[in-house]
Amino acid sequence: MSTAFRSWFMLIGFILAYFTYLLLGALVFSAIERPVEENLKADLSALKAEFLNLSCVNSTALESFLERVLKANKYGVSVLENTSLRTNWDLASSLFFANTMVTTVGYGHTTPLSDAGKAFSIVYALMGVPFTMLVLTACVQRLMHPLTYRPISACQRRAGLQPRSASVVHFIVLLFLVVLCFFVVPSLVFSTIEETWSFLDAFYFCFISLCTIGLGDFVPAEKPGQSLRALYKISVMVYLFVGLMVMFLVLRTFHKLADVHGWTAFFQLPSCDEDDEDKEPIIEAGPEDDSPEAEKASIKPLDPSSQVSYNSINR
């Protein structure tokens with residue numbers, strides 16, 4: 001089998017597997033959620049009938065009222081008395097909205113009301129999303145050496161592990177620490193602060209957020225009368241940014257691991273060795289030195305053994 005034919009065969013297989021995965025998910029979600037939805041519809045219909053029987057409001061006026069209320073609620077505006085004094089566009093809430101927009105989390109609980117706000121959102125996201133990706137990439141590049149390359153080198157030197165074994169051990173430890181520090185511990189914090197959230201709800205929120213899915217069914221700091229709401233929103237914003245950076249680090253580390261073990265070559269995927277991301281950082285570590293000594297040093301080729309990287313691991 002030729003390489004080109006094998007590459008196309010693998011690509012078609014990936015596409016078919018992807019659509020099969022989507023179909024399987026749709027069937028499971030439909031089987032689980034549709035009965036619950038039907039029960040909720042029946043409860044609402046019974047509640048509506050009971051309300052009409054106990055009041056002088058006719059059905060048309062009630063439906064018109066509910067339609068306007070639901071439309072306002074979609075934009076984060078509620079008619080409930082205990083939420084009427086809260087605004088969705090104070091400084092902290094606006095920062096939170098901007099953060100969810102440029103990180104592509106987008107919970108959808110708060111949206112622009114005016115045409116000017118919608119137009120500005122387009123322009124703001126058009127520049128903010130790639131800028132955020134640039135910042136995350138630059139940060140991950142700096143973290144790859146202290147959190148990936150050096151620990152693997154330490155495992156090889158101190159534990160006497162083979163390169164491939166050291167990379168697997170490192171990835172397992174890294175994944176465990178990420179799950180503990182960015183999923184389990186924050187879930188405990190969120191389930192404590194948000195009284196209506198269970199631990200599963202909080203863990204679900206953390207996972208949906210850090211995977212940038214952002215369904216919006218759970219949004220922190222939305223409870224009326226919550227103390228230190230502004231500080232809470234800013235803290236969640238910092239958590240989202242750092243969490244996304246760590247998730248990007250895990251993905252980069254897994255890509256390197258797959259490259260070391262030959263999985264990228266087997267599935268005809270791009271190798272991490274083919275890019276220069278880790279060789280030439282986006283942001284330089286220090287100011288340029290124009291002295292003759294520095295110019296000679298820049299001309300002198302680098303010794304590959306002086307840098308600890310996945311490229312130096314034998315396959």
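Is Thr212 buried, partly exposed or exposed? Select Thr212: its relative accessible area is 30%, so the residue is partly exposed, where buried means under 20% relative accessible area, exposed over 50% and partly exposed in between, with a 1.4 Å probe and protein chains only. Thr212 sits in the loop between H6 and H7, and its phi is positive, near 55°, although the residue is not a glycine.

**Before going further**

This is a predicted model, in which local features need pLDDT of at least 70 and side-chain atom pairs count only at pLDDT 80 or more, while totals for chains, interfaces and linings use all residues. Residues are numbered from 1 along each chain as its sequence is written, and side-chain values use heavy atoms, with hydrogens and water left out.

**The whole chain**

Display the chain as a cartoon. It contains nine helices and zero strands; these are DSSP runs numbered from the N terminus, with helices being H or I of at least four residues and strands being E of at least two. Of its 315 residues, 29% count as buried. Among the contacts in the chain with a separation of 6 or more, 66% join residues 24 or more positions apart, a contact being heavy atoms within 4.5 Å.

Now colour by pLDDT, the predictor's confidence in each residue, from 0 to 100. The chain averages 77, and 76% of the residues score at least 70. Confidence is highest in H6, at 94, and lowest in helix H9 (residues 292-299), at a mean of 49. Over residues 295-311 the pLDDT is below 50, and this stretch has 16 contacts in the model beyond near neighbours in sequence. Where pLDDT is low, the predicted coordinates should not be read in detail.

**Helix H6 and its cover**

Select residues 199-210, which form helix H6. H6 has twelve residues and reaches 16 Å from its first C-alpha to its last, close to the 16 Å expected at 1.5 Å a residue; the expected span is 1.5 Å times one less than the number of residues. Show the side chains of Ala202, Phe205, Cys206, Ile208, Ser209 and Leu210, which are buried in H6. The elements covering the buried residues of H6 include H5 and H7.

**The largest nonpolar core**

Which residues have the most contacts inside the largest nonpolar core? Select Tyr107, Phe190, Tyr239 and Leu240, which hold that place in a core of 30 residues. A nonpolar core is a set of buried Ala, Val, Leu, Ile, Met, Phe, Trp, Tyr and Cys residues joined through side-chain atoms within 4.5 Å. Helices H4 (115-158), H5 (163-193), H6 (199-210) and H7 (229-260) are the elements that give two or more residues to this core. H7 gives the most, with ten residues.

Centre the view on Tyr239. Not counting residues up to four places away in sequence, Tyr239 touches Phe182, Pro186, Phe190, Cys206 and Leu210.

Select H5 and follow its axis. At 1.5 Å a residue its 31 residues should span 45 Å, and its end C-alpha atoms lie 44 Å apart, which agrees. Leu188 is partly exposed, with a relative accessible area of 46%, and its C-alpha is 9.6 Å from that of Leu200, twelve residues apart in sequence.

Then select H7, whose 32 residues reach 46 Å from first C-alpha to last, close to the 46 Å expected at 1.5 Å a residue. Just after H7, Gly262 takes a positive phi of about 80°.

Move to Ser94 in helix H3. A C-alpha distance of 9.8 Å separates Ser94 from Lys233, 139 residues apart along the chain. Next select Thr104, in the loop between helix H3 (91-102) and H4. Thr104 is not a glycine, yet has a positive phi of about 65°; its relative accessible area is 39%, so the residue is partly exposed.

Finish at Ser121 in helix H4. Ser121 is buried, with a relative accessible area of 13%. Its side chain reaches the backbone oxygen of Gly117 at 2.7 Å. Not counting residues up to four places away in sequence, Ser121 touches Phe97, Met101 and Pro112.

How values were computed. A polar contact is a pair of N or O atoms within 3.5 Å; within protein, one must be able to donate a hydrogen and the other to accept it, and residues adjacent in sequence count only if both atoms are side-chain atoms.
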